Amino acid sequence: MTCLDFTHAILRTPGRSVVDGLRAHDGAGPDYDALLAEHTAYAQALRDLGLTVEILDPLEQFPDSVFVEDPALVFGEGAILMKPGAASRQGEVALIRPALDRHFAQVIALAEGHADGGDIMVTPNKVLIGLSARTDPTGAAALIAALARLGYAGEVVDPPRGALHLKTIAALIDEETILTTRAGETLFPGFRTIVTDAAEDAACNALRVGGTLLLSAQHPRIAERLDRAGYTLRLLDTIHVARVDAGLSCMSLRWKAA
Ligand code: CIR
């Protein structure tokens, strides 16, 4: 299952400014130390699963820069520098580039438009690109061209607006199955879907790494269903990252070294 197997990950320590990260709601913001603890546990989970984890220094001037999934997209064959759709995040791209240059022979800059890594779902046969407030059709078309240079086929999906990113509402949890909210139920023809109860929609920002599914510890009903269905789960707290609209996929760039 190559698109779910990874050998390496890049993370970035959250800066204290993460408490000012972008969020769509007025509820409580994150506590810095608690979010840092969630991040540390996440890094350890990836190491426990055998990945080599590089953790970049915090960038206080970019509150959302801990969410390294958004400014780049990586594959064993090379990396793509994205064009984040939020103005406050666009400067993150130049600052993640040195890390990508260290690991990848080929680093392609997206030509035009906007696209966030959180809108991109890599599946066995195609790379799905979700349109959103952060990813526009021009960016999606530019990404399809960049993906072709790396040997991947990209395809646009158009989820109902409301969620931040495609991977806010959906995760590939095995090669044939997508965990999703009601909003994603008909979005993925050709895949089996497992749909969360509305109260547990935030669980859909999950991350399959090799044989293990990293899942939010805050959503016990879906955890029990997935456990019964035979998935090997590792539950991680996401209380504080969720307060800045994030989850488990957002905190790493992952790839399988060729
Ligand atoms: C943002 O709004 O950009 C951040 N507060 C959350 C980013 C979450 N990233 C992701 O889903 N890939």
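**Exercise 1.** Determine which backbone oxygen lies 2.7 Å from a polar atom of the side chain of Ser-65, and describe the surroundings of Ser-65.

*Solution.* Step 1: the backbone oxygen belongs to Phe-62; a polar contact is a pair of N or O atoms within 3.5 Å, where within protein one must be able to donate a hydrogen and the other to accept it, and residues adjacent in sequence count only if both atoms are side-chain atoms. The model is predicted: local features need pLDDT of at least 70, side-chain atom pairs count only at pLDDT 80 or more, and totals for chains, interfaces and linings use all residues. Residues are numbered from 1 along each chain as its sequence is written, and side-chain values use heavy atoms, with hydrogens and water left out.

Step 1: Ser-65 is found in the loop between strand E2 (52-56) and E3; helices (H or I, at least four residues) and strands (E, at least two) are DSSP runs, numbered from the N terminus.

Step 2: with a relative accessible area of 2%, Ser-65 is buried (under 20%; exposed is over 50%, partly exposed in between; 1.4 Å probe, protein chains only).

Step 3: leaving aside neighbours within four places in sequence, Ser-65 is in contact (heavy atoms within 4.5 Å) with Arg-12, Leu-59 and Glu-92.

**Exercise 2.** Identify the buried and exposed residues of H5.

*Solution.* Step 1: in H5 (residues 220-228), Ile-222, Ala-223 and Leu-226 are buried. Step 2: these buried residues fall within an arc of 105 degrees seen down the axis, so they line one face of the helix. Step 3: Pro-220 and Arg-228, on the other side of H5, are exposed.

**Exercise 3.** Locate the side-chain N or O atoms that lie 2.8 Å from an oxygen atom of the ligand.

*Solution.* Step 1: one such atom is in the side chain of Arg-89. Step 2: another is in the side chain of Arg-134.

Note on methods. The arc is that of the directions from the helix axis to the C-beta atoms.
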